[in-house]
Amino acid sequence: MTIQNNKSLMYHYVREDSLDAPFSKHKNINSFLRECNLLKQHFQTYNVSEFVKLKNKKDSILLTFDDGLKDHLNVAEVLKDLDMKATFYIPVSPYINEDILPVHKTHLICSKVGGESIKLLNRALRNLQIDKNILMDYEKKEVFNDAYINQNDEELIKEFKKLINYYGKFEFIIPVLNEIISILDIKISFKEFYLTPDEIKYIHSLGFEIGSHGVSHKLLSRLNFQDQEIELRDSKSYLEKILSAEVKSFCYPYGGSLSFNEDTLFLLQKHNYENAISVEYRDINKDDINHNFYEIPRYDCNQIEELFPFI
């Protein structure tokens, strides 16, 4: 078996620049198109579940797109025109609750105001008469203190994201985010923000893989066994009903070794996921292939120029 020079890239927002979101962390669509054309000259692309079954894994790139964003409809059509493969990971709660996920409300806020998000958080807490000490789960703070340590963001944005995504108490997060959204007068519906079920089916019909990204995009390692099972089982079932096809691949919300635990790995096998993809900035190596496919590493797409000198 040949295992050499295999990488996975993680994408989220792929769109035009916007004056309404000056702090947005996105891949510009023109840059994306240029990079894909160059990658195609040097690498073969595969869907994740297709790649893991290859006997000879050499000079392969796995393009992965998280969160089921409306951007990904255009992405899929661009990749189809280039005859490139990819896997798209979908969280299903937006379709069940008809609302934008907390993680994406966080992105909307940070994209608009950057580090000012912390001041707005404190303002929202005052408006809602919530004590910041009550909002924060201090036990989780110790566990997740190094979250976002490698992310290229200003410290105030990292502080805001950690509090909301890693150690804010679930029961307070949504009202606090909704208050900030109201203060900023951000108006966007879940239908504008996410792919529709028909668009998910369309992307699948183009030959791309659809994988699960959980139900609610919650950090799995914060959940008990039963709640993790709901995330893995119900998201798979929901997507399989849309697609009339098996969902084989999973993507850990937030990614990295802090985002899952032994319960997660057990449940992935129990519910017949064949592989799972995380976030760890390194190549896919022999250990990943020989020992298990539940911790496939990924680079961030914004590292692409340092990874590939020809770009």
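**Basis.** I am working with a predicted model, in which local features need pLDDT of at least 70 and side-chain atom pairs count only at pLDDT 80 or more, while totals for chains, interfaces and linings use all residues. Residues are numbered from 1 along each chain as its sequence is written, and side-chain values use heavy atoms, with hydrogens and water left out.

**Strands.** I took helices (H or I, at least four residues) and strands (E, at least two) as DSSP runs numbered from the N terminus, and I counted two strands as paired if DSSP finds at least two bridges between them. Strand S4 (residues 44–45) runs parallel to S5 and is joined to it by 2 bridges, with Thr-45 standing opposite Ile-61 of S5. S5 also pairs with strand S6 (residues 87–90), in the parallel sense and over 3 bridges; here I found Asp-66 with Tyr-89 of S6 as its bridge partner. S6 in turn is joined to S7 by 4 bridges, again as a parallel pair, and Thr-87 has Glu-209 in S7 as its bridge partner.

I then checked burial, where buried means under 20% relative accessible area, exposed over 50% and partly exposed in between (1.4 Å probe, protein chains only). Strand S5 (residues 57–66) is mostly covered, with 8 of its 10 residues buried. In a regular strand the side chains alternate between the two faces of the sheet. In S7 both faces are covered, as Glu-209 and Gly-211 on one side and Ile-210 and Ser-212 on the other are all buried.

**Cores.** A nonpolar core is a set of buried Ala, Val, Leu, Ile, Met, Phe, Trp, Tyr and Cys residues joined through side-chain atoms within 4.5 Å. The largest one has 89 residues, and Leu-9, Phe-32, Phe-65, Leu-79, Phe-88 and Leu-121 touch the most other members. H10 supplies the largest share of this core, 6 residues. Another core, of 12 residues, lies apart from it and includes Val-52, Cys-251, Ile-277 and Ile-296.

Where does Phe-208 lie? I located it in the loop between helix H12 (197–205) and strand S7 (209–212), and Phe-208 counts as buried because its relative accessible area is 2%. Leaving aside neighbours within four places in sequence, its contacts (heavy atoms within 4.5 Å) include Leu-79, Met-84, Ala-86 and Phe-88.

**Ile-181.** This residue sits in helix H10, and Ile-181 is buried, with a relative accessible area of 15%. Not counting residues up to four places away in sequence, Ile-181 touches Lys-105, Leu-108, Ile-109 and Ile-186. Its C-alpha atom is 9.6 Å from that of Leu-120, although Ile-181 and Leu-120 are 61 residues apart in sequence.

**Pocket.** The lining has 18 residues, and Leu-101, Pro-102, Ile-174, Ser-216 and Lys-218 lie nearest the centre of the pocket. Helix H4 (93–97), helix H5 (102–113), helix H9 (155–165) and helix H10 (170–184) each give two or more residues to the lining, and H10 gives the most, with 3 residues.

How values were computed:
On a 1 Å grid over the protein atoms alone, a cavity is a set of points where a 1.4 Å probe fits but cannot get out, and a pocket is an open set with protein on both sides within 12 Å along at least five of seven lines; lining residues have an atom within 4 Å of a point.
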